[in-house]
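Please keep the sequence and the structure in view while reading.

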Amino acid sequence: MRTTTSQDGTKLAYDVAGDGPALIYITGATCFRKFRPIAADAAVFATEFTVYNYDRRGRGDSGNTMPYAKEREVDDIEALVDAAGGTAILYGHSSGAALALDAAARMPHKIAAVAIYDASYVHDEAERVSYAQLAEQVSALLAADKNARALKVFLRGIGMPRAFVALLPLFPGWKTMKALAPTLMYDIGLTEVLPPLERFTSIDAPVLVAVGEKSPPGLHQVAGQLAEAIPHASHRLLAGQNHMVGAKALLPILREAAVNA
């Protein structure tokens with residue numbers, strides 16, 4: 001494990017593996033760097049990249065300076081980019097995609113390229129309302145220290161298969177996932193709005209906007225909106241993939257991002 005320090009003094013834990021262009025792996029909700037699926041993804045990416053796999057604030061071995069603000073998470077990404085030598089490619093999954101785009105908009109001279117998968121903004125007003133109701137449920141459960149219940153309600157609420165959610169307690173990382181459940185409110189805050197398209201029109205870096213063929217229809221709509229609004233963006237559909245995208249299916253997208261950088 002390595003560490004770096006964000007602008008507000010928060011310690012960020014990360015691992016480095018592989019050889020090639022620097023790639024910052026920005027995970028989505030409930031994920032941390034040692035979670036088996038995340039570590040497996042990083043190992044695949046490391047066959048072609050130098051992968052910086054980090055714990056977002058409030059997760060794993062990273063700190064959690066309060067109060068939370070999404071701008072501080074962008075500061076965290078900048079700290080990782082600096083640790084990687086000052087420039088890097090960003091890969092963001094789900095709510096991590098929102099952070100990747102915010103980072104690319106804020107620090108154009110440090111981001112060589114961006115690849116995002118299933119950016120999880122709400123896609124219309126109706127979803128915004130239903131997502132706000134889900135947020136209230138999750139917040140109330142967290143306030144009652146019912147972390148496991150909050151986690152399951154959130155995952156089912158965003159469309160994760162019930163069978164997958166039911167099996168999560170069997171995963172080796174379940175205890176850690178429960179501990180980091182309060183960070184669900186961070187991810188909700190990142191994605192409870194419609195895509196801020198006007199802000200992203202300033203992104204200079206090439207952006208690959210990918211979505212899974214089997215991902216929810218709303219994510220397809222968001223991907224189309226982002227690809228149309230971002231100046232140097234291209235849109236990719238990953239055949240046969242759902243929100244839990246396979247790393248080997250994603251690797252060609254990352255490779256293309258590196259070529260475009």
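The model is predicted. Its eight strands form an open sheet in the order β1-β2-β4-β3-β5-β6-β7-β8, and the pairing is mixed. Strands β1 (2–5) and β8 (233–238) stand at the edges; each has a single partner strand, so one side of each is left without a neighbour in the sheet. From one strand to the next, the twist averages 25°.

Strands of a sheet pair through backbone hydrogen bonds, and the pairing is either parallel or antiparallel. Strand β1 and strand β2 (residues 11–17) pair in the antiparallel sense, over four bridges. Within this pairing, Thr4 stands opposite Leu12 in β2.

## Helices on the sheet

Helix α2 (residues 70–83) packs on the sheet, where it touches β1, β2, β3 (22–26), β4 (50–54), β5 (88–93) and β6 (111–117). The direction of α2 makes about 40° with that of β2.

Helix α3 (residues 95–106) also packs on the sheet, in contact with β3, β5, β6 and β7 (207–212). The direction of α3 makes about 155° with that of β6.

## Aromatic pairs

A pair of aromatic rings is described by the distance of the centres and the angle of the planes. The structure holds nine aromatic pairs. One of them joins Tyr25 and Phe45, whose rings are edge-to-face, with 5.4 Å centre to centre and 70° between the planes. Tyr25 lies in strand β3 and Phe45 in helix α1 (residues 36–45), so this pair ties together parts that are 20 residues apart in sequence. Are these two residues buried or exposed? Tyr25 has a relative accessible area of 3% and is therefore buried, since the limit for that class is under 20%. Phe45, at 1% relative accessibility, counts as buried as well.

Another pair is formed by Phe164 and Phe171: the ring centres are 6.1 Å apart and the planes stand at 70°, so the pair is edge-to-face. Phe164 is partly exposed, at 25% relative accessibility, and Phe171 is partly exposed with a relative accessible area of 25%. Phe164 and Phe171 belong to one aromatic cluster together with Phe32 and Phe35.

Which residues of α4 are buried? They are Tyr131, Leu134, Ala135, Val138, Leu141 and Leu142. These residues cover an arc of only 130° around the axis, which puts them on the same side of α4. An α-helix has 3.6 residues a turn, so residues three or four places apart point the same way. The face of α4 turned away from the buried side carries the exposed residues Ala126, Glu136 and Ala143. Among the elements that cover the buried residues of α4 are α5 (147–157) and α8 (184–191).

## Leu151 in helix α5

Helix α5 contains Leu151, a buried residue with a relative accessible area of 0%. Beyond residues up to four places away in sequence, Leu151 touches Thr30, Trp174, Met177, Lys178 and Leu184. Between Leu151 and Met177 there are 26 residues of separation in sequence, while in space they are 8.2 Å apart, C-alpha to C-alpha.

Conventions:
Residues numbered from 1 in each chain as written. Predicted model: local features only at pLDDT ≥ 70, side-chain atom pairs only at ≥ 80, totals over all residues. Heavy atoms only, no water. Pairing = 2+ DSSP bridges. Helix = DSSP H or I, 4+ residues; strand = E, 2+ residues; numbered from the N terminus. Axes fitted to C-alpha atoms, helices over the stretch in contact; angles between N-to-C directions. Contact = heavy atoms within 4.5 Å. Phe/Tyr/Trp six-rings, centres within 6.5 Å; stacked < 30°, edge-to-face > 60°. Buried < 20%, exposed > 50% of the residue type's maximum accessible area, 1.4 Å probe, protein only. Arc of directions from axis to C-beta.
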